Every structure is written in C-alpha cells, then in structure tokens.
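Hi everyone, thanks for making time. Could you put the structure up on the screen, please? I'd like to walk you through it piece by piece.

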Amino acid sequence: MTPTAAAPRQATLRVTARETVADGVVALTLADPAGARLPDWTPGSHVDLVLPTGLTRQYSLCGDRWDASTYRVAVLREPIGRGGSAWVHDELAVGDLVGVGGPRNQFRLVPAPRYLFIAGGIGITPLLPMIDAVRRLGADWRLVYGGRTRDSMAFLDELAVHGDRVTVLPQDEHGHLPLAELFAGVDADTRVYCCGPAPLLDAVAGLDLPPRVLRTERFAAQEQGAPARDTPFTVVLDRTGVEVVVTPDVSVLEAVRSVGVDVLSSCREGTCGTCETTVLAGEPDHRDSVLDEAERAAGDCLFVCVSRSRGDRLVLDL
Amino acid sequence: MPALDLDPFDPEVLRDPLPAHAALRDAGPLVRLPRYDTYAIARYADVRAALSDWQSFESSAGVGLTNFRTETPWRPPSLLLEADPPAHDAPRTVLARILGPRALRRLREDWAADAVALVDDLLGGRSEVEVDAVPTLAAAFPLRVFPDAVGLRADGREHLLPYGDHAFNAFGPTDNPLVLAGNEHMAEHAGWVGQQCLRENLAPAGFGADIWAAADRGDLTHAQAPLVVRSLLTAGVDTTVHGIGAVLHALAATPGAWDLLRARPELVRVAFDEAVRWESPVQAFFRTTVRDVPVADAVVPAGAKVLVFFAAANRDPRHWADPDAFDLTRDPSGHVGFGMGIHQCVGQHVARLEAESLLTALLARVTRLELTGEPVRHLNNTLRAWDSLPLRLTV
Ligand code: FES
C-alpha cells in the first residue's frame, strides 16, 4: 500500500497550560500531544470539547492564529450549567487529554471599513482574534466591554495596549451598557459584532439598526441525540456489506482503508471536503470544519478523516 | 546548502521537468537556485510542510517570481492566491461555500448529460474515431460547462484560455519568451475578463451571481466581488483543461488502465486524482519567507522567494512507492497537486466533478483508448500541459 500522507489526526489534544484569567474564568492552552501543527482557524471560530460525560461544549478560540501549535480557549464557570464548565474548572488538569472537534466558524468576520465590538463577560473570547484581524487590516474599530465587576472580566491587560479604542464598563461601576448611546453613530458601513449573555444579545437585537450591520454569536442549544462516545463503533460499508470496527485510536478513514476500501482524502483534518462520504443510516458525530449547523443536523454525510459516530452503527455508501 | 545551476523556466526543462525535479529532490531538502537568487523545496515532506505553514511562507508577496513588495504586479493581486490572512479569509470562505461539494450537487446531473452529449457528438455513430483529444475533449468539456456555471455570456469565451495561460506564464520571469509572447494580446483578453466580472455581465444564476450575492449579504465588499469572480476565470479553466488532458493521456498511455477503469468505473475519481499527482498540472508556486525559516538543517533567510515544487513532491520516492507509475490501484490521497493548507485549490471539487462527468460518459461508450501519435507538449512557466493528444477511440 502507498505510504500514507500523514498520521491520521487523533482529535485529542493535551492541556499544556491553564491559568485563572478572571474570577471564575480559566484559560486553557491545548496542543497536539506529538507537537503537530493544528488545523487552521479564522476569527470567530470555536472548537468542541468532548467532555467525559459525552456532552460536547463549544468554546471560542481566543488565542493567536499565527501560533499554529496551540489553541487557547477561556471557560467561565457556569453555576447553572450542566456540569461541563464545572468539570473543566474542577477536573481538567495540565497534562490531561481532551477530545476536540472542529474548529468551525459560525461567527465570521466580514470585511468592512469600521467595526464596533460589544462584549458581555466571557463573550470577549471570539472578539479577541477579530480585533487582532481588523487591526492588521488597518480598519477602524472600537470595543465596548461590559461585565459584572472588573475582577470578573478576562483579558483586560491584553486589551490595555489598545488605549482608548477599548472602553471597559463593569456593571458595578457603570450599570448596564448604554446601548442606545453606543449605537448612535453606527452607519451602514459599520459592522457590529456582539457576543455575550442572552439578555445583552436580546437588547441589541431590539435596536433599530441598518440592515446587515449586526452580527451576533449565540451558541446553539446543545445538540440533541446520543452523546459523543469514546468506545468502538461499527461502520457498515453498504455496497459490499463489509463491516469494520472503529476503535478510538483510528479514524473512520483508516478503518475503512484497513478493509481495502480507499476513500480519497487530502487534508486529513476535516477542512478540505475531499473525503465526504454519504451516510445511509446512523448518527454522525461531526468533527469537521466544513458543515454548518443545518448540514450537521441533516446527518447525511460524514468527513471520514475526522468525524465519528454517536451510535453503535454507521452505514456508509461505500 | 546545495546550489543547482538550474533554470526551472528553461524551455527544455518545461518540456521534460522530471530530471530537474529529481535533481532538486536529490540535492537536499532546501536548494539554492542562484540563477534567480531564489530557493527551491522539492521533497514531499518539506513541500507539504511549507505549503501548510502560511505563517512563515507568505503568498501576498506574489506566488510567482515577481516580489510584490519591491516590484509592481502585472495586474491587481488575486484576493485568494496572492493574499494572506486576515485579508484572505473572507474571499476564501465565500468561494469555498460556492464551490464546495454540497453546492455542486445541483450541477451533477446536468454535467453528466452534457458529457454524454459531447461524447455522442464526437463519436457520431461511428465505431472508431481519431481525434486530437486536447481541443475535442480536454478543452471542449470544461469550456462547455464551466463558463455557463459561472454565468458568462456566450460571446468572447475564446479569451478565457489565453488569459489563463498568460496568467500562469506570468508567475515565471517577466522577461521570459513565453511571457513576452503573451503580453502582445493581453490587454484585449484582460479587458474582456475584467468586463465579465461585473455584475451586469453575469447571468442572474451561477457562481458569479453567487459571489455578488455574498457581497450583498455583506460577506465580501462590493469592491472585492469582481476580483473574486476574476479568480474563477483565471484559475478555473486552463488548470481543469490540463488536468483532464493529463488523465486522458495517462489512461491511453498506460497499458491496461482503460480496461481496469471500465471494469471498475467507481475508480474514476481515483483516476483523476492519480493523474493530478502524476502530472501535476500546476507544477510549482513561489512563496516568500517572512523571517528566517528553517527547512530541515538549513535556513531560508527572511524575504526570500522559495519555489515550492508540487510536481516534484508528487513523485518523491521518499513518499510514494513507484512514483513514476500511473497506477489506478494506488491511493493518491495526500498528493499536493492541488496545493495544501489554506491556499489549497478552492475549485478542486469543481475540477473533480468535471473530470468524473467526462470520464464516466467516455467509459460508457468507448472500449479502447489508444495514442495514435506523439503527443505534443504545450509549454507554460507554471502549467504542465498538452498542446495535442492524438487518440483513437473505439466504441
Ligand atoms: S480529507 Fe479533507 S476533509 Fe477529510
């Protein structure tokens, strides 16, 4: 057999650093255990962390994309969450391995001459790489950052270098963000990127803005269906009836190849789309960067280089 | 660091680049090319690593020999090929969606029918025909389906191939005979292409209209839209024509290949990607180092042009078993014929669908595919191509 292009990407990263960056906020640095380059991403992207409960939680990438060997995410401890953030805070330690899907981007930065960024609390995370990007592009920008208290607001020192482009308005000092005032000068050439808690997004959505100005990030509710799994599952190749067990340490692509069926692939990191395979039955666990939410929900295709199965069996048109 | 007195743009090298590629690979992971004061990377592992590392090897200084930091490009730089993040992000995202495999599904049936019609016309009820497969198949099919898919008007399409050919020549030295010859009619071709990128000249449905719709949604600026359309017209025609030429040549010249493909038509996609590996229609692009960049034990100094050889990587025996064989039983996955990383060919799924449509139509009718004479190379500073490919098709 032809030598393979690269080792299959195990979508498992190691926590190489963790740091408390504000009250109740921990920043994690993730890297490939073998030090390999991680898949590229764009500002606004998030990754899925696959938690031991099987649930996946989405966290925005807030690091430097010019550093290809690490991802950075920041996690707020959510007292009323379903335990995902508590697990990250209480259990996940430096040196641990964690399953990672994506990165995917549902909150893309679009080109514009002017930007207004509005962050509420942990909503600052996707905006950090956006600010870096628009700075490099030479666009005009402003950030208004609100939070409960100054101590609860992450990355203030990182933002301090931008001087008066950044306005920090902790609620205990200034009350709620003065949205009407902030939006007073916004014209059709400005793009407003807003990320934060639901009440903030609702308030912004209620303002009367020119069309296409506003882009917000509201993480979709947790997907329904069986949780992601870290146990073996069976892939059935429909055209021949051959079945192959996919163990946690191999990709579906590798498993399928091992029974003599080649699927064209290229990037092997879920970004190029070459290995798309039709799913005839079963429930995909999408880990690619290609599909959007609606396409993921349709469950009719699988990028076999990275994606997996939620259930015991996945029937592929191969 | 080894140096080779080699001119990658010499007509003899363009006619048969394989010995030069082997010499480059054998000389080392990083080779100096004093003739143009540049460097070359030709081994698979190093090529793939360099293509992936956009942070170190930038594209916005131009992917040809011309350094946009110090010289003026012959046309405004491409927003895709000649751009880096973050400027590259939005155009890439927009085009990746429009040309993605899921978006192309609606074209599949039409293209299959178009291919059948083209093959039927060519065979014309005869049991055997002799053709030059370059104009009649390799060029005819993309020119039949792609401009329509973009939404171009019917007249003037003859500008597309010479425009693309010149654009790919222009990645070489600007005083090279191929570039000088192309310059003569370029104003005309470029003028027509520029006009077609405007919204009013594009059909209301198609890739072109989709790009303008993205600008209306605010995913691009309206100033960017015509340049993104231009990328389709520059990079979407010649490359596919030569890719299809490559697979037809490979299938005709390789004993047993056509029979095997007829027996196992599900291998059509493999056949095309294997041909892209074997022939590498796009041979090489330059990158420019943003700092001193280590390659194996050597270092490319900051600001240097580095010629990254897709073609040499695709036949590197360090990576591929029996690399010079066109082998339908091989898995060509991981070839760098479409590039790799954020600049990987955004139209690759379109090219694959075109090739698959045409090959499938041929396989349904043609039992034998044979060369009837010496194929003739078309020389281009970047592309590997055929000018003429005499074939006999037996029904
Ligand atoms: S090989 Fe690129 S998405 Fe799977």
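Let's begin with strand β8 of chain A, residues 140-147: five bridges join β8(A) to β9(A), and the two run parallel. Please keep in mind that this is a predicted model. If you want one pair to look for, find V144(A), whose bridge partner in β9(A) is T167(A).

A word of background: strands of a sheet pair through backbone hydrogen bonds, and they can do so either parallel or antiparallel.

Chain A also has an antiparallel example. Six strands form an open sheet there, in the order β4-β3-β6-β1-β2-β5. What are its edge strands? They are β4 (56-60) and β5 (70-76) of chain A, each pairing on one side only. Here the twist averages 40 degrees from one strand to the next. Inside this sheet, seven bridges join β1 (residues 12-22) to β2 (residues 25-31) of chain A. To spot that pairing, look for E19(A), which stands opposite A27(A) in β2(A).

Next, the place where the two chains meet. How many residues does each chain bring to the contact? Chain A gives 39 residues and chain B gives 41 residues. The area buried between chain A and chain B is about 3100 Å², with 49% of that coming from carbon and sulfur atoms.

There are 10 salt bridges across this interface. One of the pairs to look at is R215(A) with D219(B), whose closest N and O atoms are 3.0 Å apart. We meet helix α2 (residues 124-137) of chain A again here: with three residues, α2(A) gives the most to the side of chain A that touches chain B. That side of chain A divides into 17 nonpolar, seven polar and 15 charged residues.

Let me finish with R37(A), which forms a salt bridge with D53(B), the closest N and O atoms being 3.7 Å apart.

Conventions: Residues numbered from 1 in each chain as written. Chains lettered and ligands numbered in written order. Predicted model: local features only at pLDDT ≥ 70, side-chain atom pairs only at ≥ 80, totals over all residues. Heavy atoms only, no water. Contact = heavy atoms within 4.5 Å. Buried area = accessible area lost by both parts, 1.4 Å probe. Salt bridge = Lys/Arg side-chain N within 4 Å of Asp/Glu carboxyl O. Helix = DSSP H or I, 4+ residues; strand = E, 2+ residues; numbered from the N terminus. Nonpolar A, V, L, I, M, F, W, Y, C, P; charged D, E, K, R; others polar. Pairing = 2+ DSSP bridges. Axes fitted to C-alpha atoms, helices over the stretch in contact; angles between N-to-C directions.
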